[in-house]
Amino acid sequence: MSLAVRLTAALERGRRGDPVLLTGDHRELEVRADGDMTPAAVLVAVTDRPRPGVILTQRTETLRKHAGQVAFPGGRIDPGETAIAAALREAEEEVALPPALVHVIGEVDRYRTVTGFAVTPVLAVVPADVPLVASEAEVASVFEVPLDFLLDPANQVEASAEWQGRTRHYYEIRWDDRRIWGATAAMIVNLSRQLAWS
């Protein structure tokens, strides 16, 4: 059975269980109108290997927003563009992933960030060991984390911090010397809750 078929079946099985998902960085975002949010998309690219991995990026320290953070390749959805098209375009721009090599499984539930983005994750399969090249302006490095590690709830640690006078709760995943947290970790938590993976 191909990885794409396995992921599709796992997503269908997991969604039948009616999982409880994280909708946004904090509860107030649930009632915020879609028109007040900037639509964005990210590519959750799973590598087709015996132990599949997920491609992530470490953003450069020079960016105005989210400098140095770990993220999926992605960004704003341009006018007239679908979430899938945006995720593929951004992945090509950020890490030189050719869209023709991406087998899209489908969109996963949207996540709303405190910075005003409504982010649609796009789940996809890519060949193992595709040569990726980080865009110097946006991406400091590209790396891969095993899918089973990311999906394991034992590796998804709940944490909190004070931010703008409020206590903000978030998830954090540590992989080697990388800290995956915030919206990226939340989207991984959501994926783990709706993907019946074994």
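Biologist: What should I know before reading any numbers here?

Modeller: This is a predicted model, in which local features need pLDDT of at least 70 and side-chain atom pairs count only at pLDDT 80 or more, while totals for chains, interfaces and linings use all residues. Residues are numbered from 1 along each chain as its sequence is written, and side-chain values use heavy atoms, with hydrogens and water left out.

Biologist: How many helices and strands does the protein have, and what share of its residues counts as buried?

Modeller: Helices (H or I, at least four residues) and strands (E, at least two) are DSSP runs, numbered from the N terminus. In this protein there are four helices and eleven strands. Buried means under 20% relative accessible area, exposed over 50%, and partly exposed in between (1.4 Å probe, protein chains only). Of the 198 residues, 49% count as buried. For contacts, meaning heavy atoms within 4.5 Å, residues 24 or more positions apart account for 66% of those with a separation of 6 or more.

Biologist: How do I compare the span of a helix with what is expected, taking α2 as the case?

Modeller: The expected span is 1.5 Å times one less than the number of residues. Helix α2 (residues 83-95) has 13 residues and reaches 18 Å from its first C-alpha to its last, close to the 18 Å expected. Its buried residues include Ala 83, Ala 87, Leu 88, Ala 91 and Val 95, and what covers the buried residues of α2 includes the strands β1 (38-48), β2 (53-59), β4 (74-76), β5 (103-107), β7 and β8.

Biologist: Is α4 mostly covered or mostly open?

Modeller: Helix α4 is mostly covered, since twelve of its 13 residues are buried, among them Gly 182, Met 187, Ile 188, Leu 191 and Gln 194. The 13 residues of α4 (residues 182-194) should span 18 Å, and its end C-alpha atoms are 19 Å apart, which agrees.

Biologist: Which arginines lie over the face of a ring?

Modeller: A charge sits over a ring if NZ of Lys or CZ of Arg is within 6 Å of the ring centre and within 35 degrees of the ring normal. Arg 178 lies over the face of Phe 143, at 4.0 Å from the ring centre, and Arg 179 lies over that of Trp 181, at 4.6 Å.

Biologist: Where does Asn 155 lie, and what is it in contact with?

Modeller: Asn 155 lies in the loop between α3 and β9 (157-163). Leaving aside its neighbours within four places in sequence, Asn 155 is in contact with Phe 149, Glu 172, Ile 173 and Arg 174. A polar atom of the Asn 155 side chain lies 2.9 Å from the backbone oxygen of Phe 149.

Biologist: What is the phi of Asp 129, and of Asp 176?

Modeller: Most residues other than glycine have a negative phi. Asp 129, in the loop between β7 (117-127) and β8 (139-146), has a positive phi near 60°, and this residue is exposed, with a relative accessible area of 62%. Asp 176, in the loop between β10 and β11, has a positive phi of about 50° and counts as exposed at 66% relative accessibility. Just after α2, Ala 96 takes a positive phi of about 60°.

Methods
A polar contact is a pair of N or O atoms within 3.5 Å; within protein, one must be able to donate a hydrogen and the other to accept it, and residues adjacent in sequence count only if both atoms are side-chain atoms.
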